[in-house]
Amino acid sequence: MRRAPAGLQRTAATSLVAAFTCVTAGALALGAGCGQANPGFNPPAGALAFPSGLLLDPRVSAESNGPCGVDPAMPDEPPVECAAGDVCTSNLQCRTPASWLVVTNANSDRRYNAGSLVALNLDLFWDAVASDQVLPQATDIDEAYDAAASGLKYAGSADPEYQPGKFVPCRRVANLPQVIECLEEPFVLEAATVQFGNFPGPTVAWDMRTDTFSPAADQSMLLTPVRGDPSITYVEMSGGLGGADDLQLECGQSQDPEDVNGGRRCDDDHRLRFLRNDPDESRLAREPFRVLVSPHPEQPLAYVTHQGDSDLTLLELEGFENGGDGRPAIVHQANLLEILGASFSFQGGFGLAERPEPGDGDGDGDGDDDDEATAQIGPLIYASMRWIASAQPVRAIAHKPVSGQTCINHNSTVPSQPGAIICEAQLEPVGAPFEVGGLPQVLDPAVSRPILADIAFSRTGNELYVVQSNPGALVRVDTSLGVDGEPLDVPAGQVEICAQPTSLVIYDDGAVEYGLVTCFRSGEVFIVDLASLTVVGLSRAGIGPDTMAVDLAREVVYVANTLDATISVISMAPTNPARFSQVARIGLQEPYVQ
């Protein structure tokens with residue numbers, strides 16, 4: 001069987017047990033046996049395996065590049081064309097489509113000895129979906145793939161060698177002919193695959209092209225929380241713009257094909273594990289779960305929640321201003337998400353969200369205080385608490401030197417010299433945790449379940465949307481500014497959705513904001529009109545849908561189906577008759593038996 005390396009074939013039952021024991025999706029906890037040593041097999045370099053995160057190429061802006069088409073107010077004027085490479089969307093905006101989708105592969109059942117990042121070429125995928133050579137229903141696509149040569153990469157209909165009838169790695173789904181599913185292997189750039197520790201979470205990105213730090217015009221940093229080996233692994237992404245095969249993901253991996261790890265494992269220098277990158281300092285708190293990057297122009301920061309630990313962690317992505325080893329660094333861990341009276345097992349956070357245009361101490365709306373001694377360098381960040389229906393706002397605050405003061409290295413041998421201060425950012429709570437509201441909780445004292453999951457802000461920052469896992473709901477919090485210039489943070493409504501939802505993204509087409517919520521157990525995606533807080537769509541996905549990525553240029557949302565190793569594509573285009581439903585799938589749906 002082409003998709004199952006020797007020794008990996010399992011029954012559905014045994015794989016199901018393993019998957020539900022160790023799966024990294026937010027709906028389930030890490031099993032006690034998951035951390036045991038297991039040499040396993042190297043993860044595949046060209047396939048999906050328990051996808052736990054999706055990320056569109058962060059170097060391609062999702063912002064509109066201007067209007068296009070015919071302006072309804074001036075119907076007699078010629079249509080406005082988009083620049084080459086851009087597309088005109090349904091709401092008449094020019095946008096640049098990203099060529100790459102970076103997928104975080106977990107190793108949730110421990111068949112493989114590592115997690116990995118793989119890059120999918122979206123240009124080729126969408127070309128194949130649109131091809132008139134898509135195979136009919138019930139076609140044995142594996143046999144067709146083998147007949148065309150297993151190593152064949154689909155080059156697209158623009159390839160000079162392309163001929164009608166040439167193998168296209170897609171077919172219509174037997175019981176859903178409106179859905180096209182494609183093998184993932186022909187679209188994966190194997191050379192760019194990298195590996196890291198066990199049980200990775202969703203990968204996020206920092207666009208490194210800033211005024212103060214621009215090593216390359218096309219460079220971005222990808223950060224992945226790794227639960228099994230508590231660390232944040234970072235990878236430099238470059239090249240490959242426009243779909244070219246020179247995309248590179250670099251993390252110090254070996255280039256030796258004889259390497260025991262297949263030559264793809266990230267080195268220790270790309271694993272952030274200790275405070276200030278100093279092995280003599282405190283370790284990163286256990287089970288890092290979600291990462292939020294805030295690209296502040298003066299000092300870009302990243303925030304990390306932990307499942308199973310009440311710490312909130314802060315990273316400085318440019319490293320230290322004074323000293324350090326030049327790498328990103330963990331600069332602070334603060335016990336900000338503690339549930340008083342709860343046991344060690346029922347602590348931790350989940351979602352993180354940055355409030356757009358937050359209020360600030362001096363009322364100028366820029367998020368900075370003009371106080372002489374300190375500066376609020378970070379915006380207002382909200383973190384959802386996992387086991388109670390509360391959220392905690394925080395800021396990152398750093399001292400700045402004034403007359404007679406000097407920033408020094410944290411490990412300076414003369415820290416008590418006159419005027420010496422440490423200028424590293426530190427996390428500070430903004431008030432106490434507040435209740436987000438939601439549906440009444442039906443709690444069995446003998447069976448504790450997570451209460452909250454993902455969170456996201458509206459475009460204005462006046463509403464925070466919170467996924468309530470138990471019972472399932474999408475909750476609205478009024479975060480508009482009060483008379484004192486600070487957010488109100490009061491519950492403002494909810495809508496009931498599926499049982500035990502996990503992840504949330506907001507799809508904002510410029511006119512309407514929709515909240516999409518994945519339902520891990522039922523295999524569905526609920527689509528909520530956020531203005532009316534009403535469910536307006538319900539789409540089937542794969543098995544175990546979790547994290548999502550929004551593609552505004554192509555007007556779709558990608559959904560990572562963790563338990564059948566596929567990615568569902570849901571249409572959000574208002575002109576598409578199949579709006580709010582699955583229209584395509586990357587990977588063949590083969591639950592637990594790949």
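Q: What does buried mean here, in relative accessible area?
A: Buried means under 20% relative accessible area. This is a predicted model.

Q: Is Cys251 buried or exposed, then?
A: Cys251 has 0% relative accessibility, so the residue counts as buried.

Q: Which residue does a disulfide join to Cys251?
A: Cys266, with S to S at 2.1 Å. Cys266 counts as buried at 8% relative accessibility.

Q: Why is the disulfide of Cys251 and Cys266 left-handed?
A: The torsion about the S-S bond is about -80°, so the Cys251 and Cys266 link is left-handed.

Q: Where do Cys251 and Cys266 lie?
A: Cys251 is in the loop between strand 12 (248-250) and strand 13 (271-272). Cys266 is in the loop between strand 12 and strand 13. They are 15 residues apart.

Q: New topic. How many disulfides does the count come to?
A: Five disulfides. Among them is the pair Cys68 and Cys88, sulfur atoms 2.0 Å apart.

Q: What parts does the pair of Cys68 and Cys88 tie together?
A: Cys68 lies in the loop between strand 1 (51-56) and strand 2 (87-88), and Cys88 in strand 2, so the pair ties together parts 20 residues apart in sequence.

Q: Cys68: buried or exposed?
A: Buried, with a relative accessible area of 4%. Cys88 counts as partly exposed, at 41% relative accessibility.

Q: And what about Cys170 and Cys182?
A: They form a disulfide, sulfur atoms 2.0 Å apart. Cys170 lies in strand 6 (residues 170-173) and Cys182 in strand 7 (residues 176-182), so the pair ties together parts 12 residues apart in sequence. The link of Cys170 and Cys182 is right-handed, with 105° about the S-S bond.

Note on methods:
Residues are numbered from 1 along each chain as its sequence is written. This is a predicted model: local features need pLDDT of at least 70, side-chain atom pairs count only at pLDDT 80 or more; totals for chains, interfaces and linings use all residues. Side-chain values use heavy atoms; hydrogens and water are left out. A disulfide is a pair of cysteine sulfur atoms within 2.5 Å. Helices (H or I, at least four residues) and strands (E, at least two) are DSSP runs, numbered from the N terminus. Buried means under 20% relative accessible area, exposed over 50%, partly exposed in between (1.4 Å probe, protein chains only).
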